[in-house]
Amino acid sequence: MSKHHFHDEFEILLSLSDAGHVFIEDKIYPLKKGTLLLIKDTTLHKTIVESSHTYERYVIHFSNSTLERISTKNTALSSFFSDLNTCLQLSNDEFIFFISKIKKVQTCNSQEFGDDILNNTYFIQLLIEIA
């Protein structure tokens, strides 16, 4: 998004292309293929896409209440993500791995029996891999 904005939810963004830059609070990061952004809720951010580039990405939003619901005493995902604004440049193997995880989360949205549980499981796996 070309304007500064924030969400009431956490954001995971995986860039699929070289596109420009992203501002997260007072830092600027290059937005390249394999850039993984973890942006905490209510953090001001903005993407600047160069006009000659196509900006392709996967974006997942989730709430703090979701993190609290799936956290356990031993795995406090809500604590991990609550202090996090991070930009990671993934290796090619990591990039392929994360795309496969994100695709599982996004494609398991049918109304078939058990798909809701599978979708939640894939989402939790993704968060654990990030943490």
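## Ser 71 and its contacts

Which residues does Ser 71 touch, once its neighbours within four places in sequence are left aside? Ser 71 is in contact with Ala 76, Leu 77 and Ser 78, where contact means heavy atoms within 4.5 Å. You'll find Ser 71 in the loop between H1 and H2. Helices here are DSSP runs (H or I, at least four residues), strands are E runs of at least two, and both are numbered from the N terminus.

Buried or exposed? Ser 71 counts as buried, at 18% relative accessibility. The cut-offs go like this: buried is under 20% relative accessible area, exposed is over 50%, and partly exposed is in between, using a 1.4 Å probe and protein chains only. For a sense of distance, Ser 71 and Thr 121 sit 13 Å apart in space, C-alpha to C-alpha, and 50 residues apart in sequence.

A quick word on what you're looking at: this is a predicted model, where local features need pLDDT of at least 70 and side-chain atom pairs count only at pLDDT 80 or more, while totals for chains, interfaces and linings use all residues. Residues are numbered from 1 along each chain as its sequence is written, and side-chain values use heavy atoms, with hydrogens and water left out.

## Rings that pair up

How many aromatic pairs does the structure hold? There are six. Rings of Phe, Tyr and Trp (its six-membered ring) pair if their centres lie within 6.5 Å; planes under 30 degrees apart are stacked, over 60 edge-to-face, and the rest tilted. Take Phe 62 and Phe 123: their planes are at 70 degrees and their centres 5.4 Å apart, so this pair is edge-to-face. Phe 62 belongs to strand S6 (residues 57-62) and Phe 123 to helix H4 (residues 115-130), so the pair ties together parts that are 61 residues apart in sequence. Both are buried: Phe 62 has a relative accessible area of 4%, and Phe 123 has 11%.

Phe 97 and Phe 98 make another edge-to-face pair, with 85 degrees between the planes and 5.5 Å centre to centre. Phe 98 is buried at 8%, whereas Phe 97 is partly exposed at 32%. Ring pairs also link Phe 10, Phe 62, Phe 80, Phe 81 and Phe 123 into a cluster.

## Two nonpolar cores

A nonpolar core is a set of buried Ala, Val, Leu, Ile, Met, Phe, Trp, Tyr and Cys residues joined through side-chain atoms within 4.5 Å. The largest one here has 23 residues, and those with the most contacts inside it are Ile 12, Leu 14, Phe 62, Phe 81 and Leu 127. Several elements each supply at least two of its residues, including strand S1 (10-15), strand S4 (35-39) and helix H2 (77-82). Which element gives the largest share? That's H3, with five residues.

Zoom in on Leu 127 and, leaving aside neighbours within four places in sequence, you'll see it in contact with Ile 12, Phe 62, Leu 67, Ile 70, Leu 77 and Phe 81. There's also a second, separate core of nine residues, with Tyr 29, Leu 37, Ile 39 and Tyr 55 among them.

## H3 against H4

The axes of H3 and H4 come within 8 Å and cross at roughly 150 degrees. Axes are lines fitted to C-alpha atoms, for helices over the stretch in contact, and angles run from 0 to 180 degrees between N-to-C directions. H3 and H4 are therefore roughly antiparallel to each other (over 145 degrees; under 35 is roughly parallel, 65 to 115 roughly perpendicular, and the rest oblique). Where they meet, the H3 side includes Phe 98, Ile 102 and Val 105, and the H4 side includes Tyr 122, Phe 123 and Leu 126.

Most residues other than glycine have a negative phi. Thr 42 isn't a glycine, yet has a positive phi of about 60 degrees. Thr 42 is in the loop between S4 and strand S5 (45-49), and counts as exposed at 51% relative accessibility. Glu 25, not a glycine either, has a positive phi of about 55 degrees and is found in the loop between strand S2 (20-24) and strand S3 (27-31).

Finally, look at Lys 3, in the segment before S1. Lys 3 is exposed at 61%, and, apart from neighbours within four places in sequence, is in contact with His 45 and Lys 46. Lys 3 and Thr 47 are 44 residues apart in sequence and 7.5 Å apart in space, C-alpha to C-alpha.
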